[in-house]
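The following exercises concern a structure that is shown below.

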Amino acid sequence: MAAIVVENLVKSYARGLGGLGGRTVALAGVSLTIEPGETVGIIGPNGAGKTTLLGCLLGFLRPDSGRIAIHGLPVDDLAVRAATGYLPERLVLDRWMSGMALLQFHHALAGLPADSREADCQALLDRVGLDREAAGRRVGRYSRGMLQRLALAQALVGEPRLLYLDEPVSGVDPAGIVVFRDILARLSASGATILINSHQLAEVERVCHRVVFVKQGRVEAMETMRAGAAHARVLRVRLSTEQPAAAPGRLAAIAGDAGATFRGWSAPDARFAVADDAGATRLIAALARDGVALIEVMPEEGRLERLFAAGGGSAATGASPPGAGSAGEAAPAAPDASPAPDTAGDHSRFMPPPGPPAEGAR
Amino acid sequence: MNATLVRAFLRQRFTSPMRLAIAAMFTFFPLAGLALTGQLAMVQGIAGPLAILFAAGAIGQDVSSGTLQLLLARPVTRPAYLVSRWLGASLAAYGLAAATILLGAGVLVLRGTPAAPLELARVLLEAASSVTGHAAVMIMLSTLVGGLGDLGLYALTLFLSQMAAAIGAFRQWTWLQRASAEVQGVLGPEVSLAGLAQGLPPSWFAVVSWASTITLVLAVGLARLNRRELSYASG
């Protein structure tokens, strides 16, 4: 059974007093299926309907029409809520409580046993990297990054099987991002279904199995990511113009020896596909060793950035008709193991999700 | 009812310096009056204001701040949340009101004019009815407006009903006077047990009226809370 099924969801908001100003359509027929253990990112421009979709999934908003089922149950079923963790975009934690008291409060609300409360909450604080001093401090005195960590810990109370994260790494320092990735990888490996709403495209690309591009209240495109694909990239290598340019054949040979792929030449830039970060290091070292005068190496923008820049839809994808493109309707496909494609047309949109990655895959 | 929510609400209300300062003012002056006059009646009117103080913003502040989303993402139903807020506010206010009344009774003992046990029981019971009634009304108002808007709504409604009563008296419109009295009755539901000292039973009409008003305002609050959408986008 699918973890989350959304069918033809429509949601609009009244404008003006009593709706006299008409209605603004936030979701115009969203259909989506998310399998258990899948990590799905929701991206899209501001006002696309991402937060509204999340609000409907959490039961905070009532759709005008359409259907949502969480493991076959309605969204407001208490069994669903008991298995749900939610990290809101606005860090609206009770500021008068200490960090530890807040976690204990949510632990109790989740109906978890009191005898393990303190140990569970301490473990969660350790997991997100908040020390004992911070645990005893009032939430109102937390920095933005600490609030984000505490909010994540709150969302993780009770090891949720469904995790909704709204802008989870906003304001988090690099160390916090590493912690976030590790937690998500472990949760995903344990079979939890995770939905991430974020504008941090690189992070979404790194942690998600699949990305849903929402625009004007519709699912414009879906992008299947390969687990660990964030490391696979195309490098643009700028060569010095003060020396004779290396022949493309020679560049291709060097790349081949370093385990990379030569993708093309457009003076003064050469483009190479590498499998991972180590492959990038090998390629750069090989080019330097062979006397290629390179002056700059930069990764090309990620797949999602290109998708975003293209507005989510090419002629191949278009708007998702109700019920179409849901992952559960297509046959499974093996994860793409090749380096990231360098053309927008290579997107595997409307593809079914890959299975959850092996532990530590990301 | 959710005991975790009630406990957290009580802790939150009793760690708010502003609320505690106002509560201290509410209790200090009646106690001082009691000490001067030797009348227990001086403290019997504190229950309603204390209930309004502790219930103000009970739901509206959660809605405005967004913390309600986090609560309702947990296995907590909206009715359980609303009833927990009502009970929390009632317990907080009654705890303080009862303590003040008992302190007043102690002062009377020290003055050598102890209150009659039946009189003390009457004041305590009336305080209980007043606290639960006022808290229910405030909880209902708190579902209608965000933040501490319920306080303003209460004051406005009270002011308008008193204005209407004055106009009714001036123009001798009994219907307007009656309507104003009804509105004021709804704003402060309580049971008068004045006959208790004489051994008379309470008026069942008053008890039923008080209970039905509480039920009605809580039902209205619940209907509003159930219809409320929780998102800054929906606002």
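**Exercise 1.** Determine whether Glu159(A) is buried, partly exposed or exposed.

Solution. Step 1: 15 other C-beta atoms lie within 10 Å of Glu159(A). Step 2: a residue counts as buried with 20 or more other C-beta atoms within 10 Å of its own, as exposed with 12 or fewer, and as partly exposed in between, the C-beta atoms being placed from the backbone. Step 3: Glu159(A) is therefore partly exposed. Its place is the loop between helix H6 (144-155) and strand E6 (162-166) of chain A, and its phi is positive, about 45°, although Glu159(A) is not a glycine. Helices (H or I, at least four residues) and strands (E, at least two) are DSSP runs numbered from the N terminus.

The model is predicted: local features need pLDDT of at least 70 and side-chain atom pairs count only at pLDDT 80 or more, while totals for chains, interfaces and linings use all residues. Residues are numbered from 1 along each chain as its sequence is written, and chains are lettered from A and ligands numbered from 1 in the order in which they are written.

**Exercise 2.** Locate His71(A) and describe its phi.

Solution. Step 1: His71(A) belongs to the loop between strand E4 (65-70) and helix H2 (78-82) of chain A. Step 2: its phi is near 50°, a positive value in a residue other than glycine. Step 3: with 17 other C-beta atoms within 10 Å, His71(A) is partly exposed.

**Exercise 3.** Which residues of H1(B) are buried, and against what do they pack?

Solution. Step 1: the buried residues in H1(B) are Leu5(B), Val6(B), Ala8(B), Phe9(B) and Arg13(B). Step 2: seen down the axis of H1(B), they fall within an arc of 170°, so they line one face of the helix; the arc is that of the directions from the helix axis to the C-beta atoms. Step 3: these residues pack against helix H3 (99-109) of chain A, and also against H2, helix H3 (47-55) and H6 of chain B.

**Exercise 4.** State how many residues of H3(B) are buried, and name what they pack against.

Solution. Step 1: eight of the nine residues of H3(B) are buried, among them Leu50(B), Ile52(B) and Phe54(B). Step 2: the buried residues pack against H1, H2, H6, helix H7 (117-144) and helix H8 (149-171) of chain B. Step 3: after H3(B) comes Gly57(B), with a positive phi near 75°.

**Exercise 5.** Describe how helix H2 (residues 17-37) and helix H6 (residues 78-111) of chain B cross.

Solution. Step 1: their axes come within 10 Å and cross at roughly 20°. Step 2: that makes H2(B) roughly parallel to H6(B). Step 3: residues in contact, with C-beta atoms placed from the backbone and lying within 7 Å, include Ala23(B) and Thr27(B) of H2(B) and Leu96(B) and Thr100(B) of H6(B).

**Exercise 6.** How many residues does each chain bring to the contact between chain A and chain B?

Solution. Step 1: chain B brings 20 residues and chain A brings 25 residues. Step 2: on the side of chain B that touches chain A, helix H1 (3-13) and helix H5 (67-72) of chain B each supply at least two residues. Step 3: the largest share of that side, five residues, comes from H5(B).

Note on methods:
Axes fitted to C-alpha atoms, helices over the stretch in contact; angles between N-to-C directions. Parallel < 35°, antiparallel > 145°, perpendicular 65-115°, else oblique. Contact = placed C-beta atoms within 7 Å.
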